[in-house]
Amino acid sequence: MLSTMQDVPLTVTRILHHGMTIHGKSQVTTWTGEPEPHRVTFAEIGARATRLANALRDELGVDGDQRVATLMWNNSVHVEAYLAIPSMGAVLHTLNLRLPPEQLAWIVNHADDKVVIVNGSLLPLLVPLLPHLPSIEHVVVSGPGDRSALAGVTPRVHEYEELIAGRPTTYDWPELDERQAAAMCYTSGTTGDPKGVVYSHRSIYLHSMQVNMTESMGLTDKDTTLVVVPQFHVNAWGLPHATFMSGVNMLMPDRFLQPAPLADMIESERPTHAAAVPTIWQGLLAEVTANPRDLSSMANVTIGGAACPPSLMEAYDKLGVRLCHAWGMTETSPLGTMAHPPAGLSTDEEWPYRVTQGRFPAGVEARLVGPGGEHLPWDGESAGELEVRGPWIASAYYGGADGEHLRPEDKFSEDGWLKTGDVGVISTDGYLTLTDRAKDVIKSGGEWISSVELENALMAHPDVAEAAVVAVPDEKWGERPLATVVLKEGAAGTDYEALKEFLAESGIAKWQLPERWSVIAAVPKTSVGKFDKKVIRKQYAEGELDVTQL
Ligand code: AMP
């Protein structure tokens, strides 16, 4: 029997219309670095997004599912692009402004982007690339920045504000199939070419609803969220669409991502929530330790993208800011898990749950797969590769304009689950604890050592600001851990024996303790602010590190 229910497509157009009407008074505030930030209501964003759609169609000829790229910071104009482009049936392609230029060019060409909307301050990055981007016909520039480099470029150049000015605030939005492409994002591609993940209207809609559930971020129109996670990093973790759906106010840092302006904007705008990777929270902590600011409005923070050291969580607890650990990937839209402890526990009893990656929402099914392909029990002990499936999980990568979508065997199982490449355990009550990336785990004498466990233990040491542990070749054991540490300012020198002893005291098994140590100035970071361990491995291999062997 078929149901008797209406089959209304789940589209970004619905989110746009709902946000601009029902939540018309909610605001997007963008930091400008000047005394006053820029403020715009959802009603105004909706009207401007509609004007943008008209301009893209009538002036720039964007048609069908053509790709419109953005090379932008987090700001209100970027939110307009998020809503307008998918709603008109085109595909929003957010470009990662921290990628090496060759990779950026590769991605634009692979996606066959027709238009790029760029922040003026990012023109020095874009303009030298334009001769290598034959598909780009139009460049639309928004916000401050010197335009002189644009003289003589081949694509047509438009000023965003002039382009949308005076256009109609109505649009004949097409009836879209909810399975159609709405947005795309390329993975940061640490090995091989970057891979394009294409989100559908349906996946964005359902993911937004999940983000808004109390068991996930659970924000309402009484909240303001500080969206530090870049809009090019998995759609800012889905926040712009989710917030527009439920009227959550957004505070956008634009290009002011350094710890000092972040602390300033928190103190003056008093957001109730924020989202960013651990390195941002590490930097902010150092800043407010040196120059105290009031962060207490920010009661809840979503932290993910890399493992959150428990010591960081403790430090923020003391500031009245609760970090909630979340796990996800570009391929999972990204919300995969969030670490809200179960009900009825004391603060002490909650702790072991808070330091896990969290539990899965109903929309994400999970399984652990052992080295021989066997499915492992959820017993908190059996470690295997995490595989997931669900309505906002990728089933393939974009294959290019003429190619079929790609399903590489190392990323998708035969029965269609996503192989995450993350290794961990799941407890009987469904909490995931990741021990490593499959490629970062240290294989010593046939046993596995978790680099993350060593790093977390090291970062709990009062003199250690950051620590990254990588596998290095060892004649006897195959691989052994190399511990690289960044010392806090004012730390009293390095005593590796003492650090090793500290690890032993924090419960690390003796055979897992590193014998190779190096102090480094900073842990190298990827384009989205995660530890870039391949750089450390390379530095070690090329003899660039000053290593002490105990
Ligand atoms: P990306 O697609 O760039 O967001 O990278 C996704 C990867 O980041 C995952 O496969 C994990 O390896 C890592 N990751 C994300 N969140 C966490 C977390 N909470 N703990 C540990 N690793 C994480």
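A polar side-chain atom of Asp 422 sits 2.6 Å from an oxygen atom of the ligand. The protein covers 89% of the 490 Å² of accessible area that the ligand has on its own. The model is predicted.

**The shell around the ligand**

- There are 16 residues around the ligand.
- Those that come nearest are Ala 326, Thr 330, Asp 422, Arg 437 and Lys 530.
- Sorted by class, the shell has six nonpolar residues, seven polar ones and three charged ones.
- Which elements give two or more residues to this shell? They are strand S14, residues 322-328, and strand S21, residues 431-437.
- S14 provides the largest share, with four residues.

**Cysteines**

- How many disulfides does the structure hold? The count is zero.
- A disulfide is a covalent bond between the sulfur atoms of two cysteines.
- The cut-off for a disulfide is 2.5 Å between the two sulfur atoms.
- Is Cys 308 buried or exposed? Cys 308 has a relative accessible area of 3%, so it is buried. The limit for buried is under 20%.
- Cys 185 counts as buried too, because its relative accessibility is 1%.

**The whole chain**

- The chain has 16 helices and 27 strands.
- Its radius of gyration is 24 Å, close to the 24 Å that the globule rule gives for 550 residues. The chain is therefore as compact as a globular protein of that length.
- Along the principal axes, the C-alpha atoms fill a box of roughly 70 × 60 × 50 Å.
- What share of the 550 residues is buried? Buried residues make up 56% of the chain.

Conventions. Residues numbered from 1 in each chain as written. Predicted model: local features only at pLDDT ≥ 70, side-chain atom pairs only at ≥ 80, totals over all residues. Heavy atoms only, no water. Near = heavy atom within 4 Å. Polar contact = N/O pair within 3.5 Å; in protein donor to acceptor, adjacent residues only side chain to side chain. Areas by Shrake-Rupley, 256 points an atom, 1.4 Å probe, with all protein chains shown as cover. Nonpolar A, V, L, I, M, F, W, Y, C, P; charged D, E, K, R; others polar. Buried < 20%, exposed > 50% of the residue type's maximum accessible area, 1.4 Å probe, protein only. Rg over C-alpha atoms; globule rule 2.2 N^0.38 Å.
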